[in-house]
Amino acid sequence: MRTFYHSTRSSATTVTSKQAILQGLAPDGGLFVTDAVDQMELDYKSLLSKNYQDQACVVLSTLLGDYTDEEIGRCVKKAYSNQFDNPDITPVTKIGDDWLLELFHGPTCAFKDIALQMLPQLMSVARGESEDSVMIVTATSGDTGKAALEGFADVPGCGVTVFYPAGKVSDIQHLQMVCQKGSNVAVCGVRGTFDDTQTGVKEIFSDPELNARLAQRHIKLSSANSINIGRLVPQVTYYFFVYSKLVEREAIKAGDKVDFCVPTGNFGDVLAGYLAKKLDLPIRHLIVASNANNVLTNFITTGRYDRRRPFIKTISPSMDILVSSNLERLLYYESDGDADYVASLMQQLNDEGYYEVTKSVKERIQKTFLAGYADDAVTKKTIKETFENEGRLVDPHTAVAKTVLDSIESDGVQRVCLSTASPFKFSADVLSALGKDTAGKDGFECMDELAKLAGLAAPKQLSELRSAPQLHKDVEDLDQMPAFVENSCTRIFR
Ligand SMILES: *Cc1c(COP(=O)(O)O)cnc(C)c1O
């Protein structure tokens, strides 16, 4: 069966899921959604005894109906095998009275691997026999860039160029990127901030002359940003997976409702949970956890979204976001698919920096979503207490979610806290939260000390960076970014 997608801002033009994945963003600036999700048939009970990969096949085939089962099977096999260091891909462990869904067992030790190991496979199939090559161009504040590099490295017909703000990512994140292997990858530091870098990338996408020159050479630019449905859909799987694990461990009976608490930035991860709920997985509440950039906490409690506020740099940098792009999809669904209404809200956000939803939309959202936030001081306290009381190390993003979860009564419902990064990826901040002095220590010294303290080994993916050769040394000014992309295309696609 074909699944049709259209923009959140207009339902006039529909595309297949393959086209939606290749295009990334709808031409009017909206995000692709499907109206069929409420009618899709996916019986969670039929997944209960399946492994992660088999559950992924069912979930992906359901949401991306124009891929054949054989195509999905091939993608899943490539995306979820021994590049994950746990056979369950996303293992589930007990933490206090709740459960931790560990999403950081992939090649870059952050949850973005779940989606970015899959997206290149889905793109590759969608490209089919096309003559056109795809160059992925991404700006990163740290995690996304490395996950995109790992996912797209050596995928036929695809290249990937990552720009990061030079000197403004952590030691480990920097090494993760500049040591990246693969014949189709390019990495470049930019003299500027993350916002400058991201603006530079947006200008590349909308540069008509550059795009025309590349089109002549059969090269299309695309993005690996979380607005692509090919990044969203793979994340739906682990909500089903953890549910099946809780049934298997007899923590719940099939049909019992479960709560999820999700550390949130761009609203992608938690929206995947919302899609799982639409596919009839028994979910009671989705709890949106933010750091001090708590624009979503305010929105969910008041119905008013206001980005006109200072940006705060925190120890959970992947959640330092003031415009949560994927929220647009929630607005679409909770306004019963009123694309004109969504378009008007987005216009207002763009022009005036805020919008307020109607009372009925707000109340519908509040039926499913709860929200809370934790600033750095409280987050550090949670890291310390979780280690001292439960013997578990959690990274700052996970600690934000755990803080919010702990502040809410469970009423006897089983609850899952999503754990989005390995604590070793943020060794210095975790170590300092535990009360240790980190002054003058580099990323690896902190990692070693943390490993010793916890009696754990740091993940190999991170510790082996110590001796890895640095392959990418380019650092450019902002105005050189388009030329860098063009040169990378020449080198990679010849
Ligand atoms: C990206 C990221 C998040 C936020 O996920 P969204 O889908 O943007 O809400 C949370 N934690 C970590 C470690 C991340 O890398």
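1. Helices α9 and α21 are roughly parallel to each other, therefore a pair whose angle falls under 35 degrees. The model in which they occur is predicted. The axes of α9 (residues 208-216) and α21 (residues 481-493) cross at roughly 5° and come within 11 Å. On the α9 side the contact is made by Leu210, Arg213 and Leu214, and on the α21 side by Pro482, Glu486 and Cys489. Sorted by class, this contact has 4 nonpolar and 2 charged residues, with no polar ones.

2. The axes of α12 (residues 295-302) and α15 (residues 359-368) come within 8 Å and cross at roughly 110°. That angle lies in the range of 65 to 115 degrees, so α12 is roughly perpendicular to α15. Phe299, Ile300, Thr301 and Thr302 of α12 meet Lys362, Ile365 and Gln366 of α15. The contact of α12 with α15 has 3 nonpolar, 3 polar and 1 charged residues.

3. The 5-stranded sheet is open, with parallel pairing and the strand order β9-β6-β7-β8-β16. Its edge strands are β9 (219-222) and β16 (475-477), each of which pairs on one side only. Direction ignored, neighbouring strands in this sheet are turned by 30° against each other on average. Arg191 has Asp477 in β16 as its bridge partner.

4. Helix α6 (residues 143-152) lies across β6 (133-139), β7 (158-165) and β8, and runs at about 165° to β7. Helix α8 (residues 194-205) lies across β6, β7, β8 and β9. The angle of α8 to β6 is about 155°, which by the cut-off of 145 degrees is also roughly antiparallel.

5. Another open sheet has 3 strands in the order β2-β1-β3, with antiparallel pairing. The edges are taken by β2 (10-16) and β3 (32-33); each has a single partner strand, so one side of each is left without a neighbour in the sheet. Strand β1 (residues 4-7) is joined to β2 by 3 bridges, and the two run antiparallel. Phe4 stands opposite Thr16 of β2.

6. Strands β4 (residues 92-95) and β5 (residues 98-102) run antiparallel and are joined by 4 bridges. Ile95 has Asp98 in β5 as its bridge partner. The hairpin of β4 and β5 has 2 residues between the strands, and Gly96 takes a positive phi near 60° there.

7. The ligand has 15 residues around it, of which Lys112, Gly265, Asn266, Asp269 and Thr420 come nearest. An N or O atom in the side chain of Lys112 is 2.5 Å from an oxygen atom of the ligand. The backbone of Gly268 places a polar atom 3.3 Å from an oxygen atom of the ligand. For Ser318, a polar side-chain atom lies 3.4 Å from a ligand oxygen atom.

Methods. Residues are numbered from 1 along each chain as its sequence is written. This is a predicted model: local features need pLDDT of at least 70, side-chain atom pairs count only at pLDDT 80 or more; totals for chains, interfaces and linings use all residues. Side-chain values use heavy atoms; hydrogens and water are left out. Axes are lines fitted to C-alpha atoms, for helices over the stretch in contact, and angles run from 0 to 180 degrees between N-to-C directions. Contact means heavy atoms within 4.5 Å. Ala, Val, Leu, Ile, Met, Phe, Trp, Tyr, Cys and Pro count as nonpolar, Asp, Glu, Lys and Arg as charged, and the others, Gly among them, as polar. Two strands pair if DSSP finds at least two bridges between them. A residue is near a molecule or strand if one of its heavy atoms lies within 4 Å of it. A polar contact is a pair of N or O atoms within 3.5 Å; within protein, one must be able to donate a hydrogen and the other to accept it, and residues adjacent in sequence count only if both atoms are side-chain atoms.
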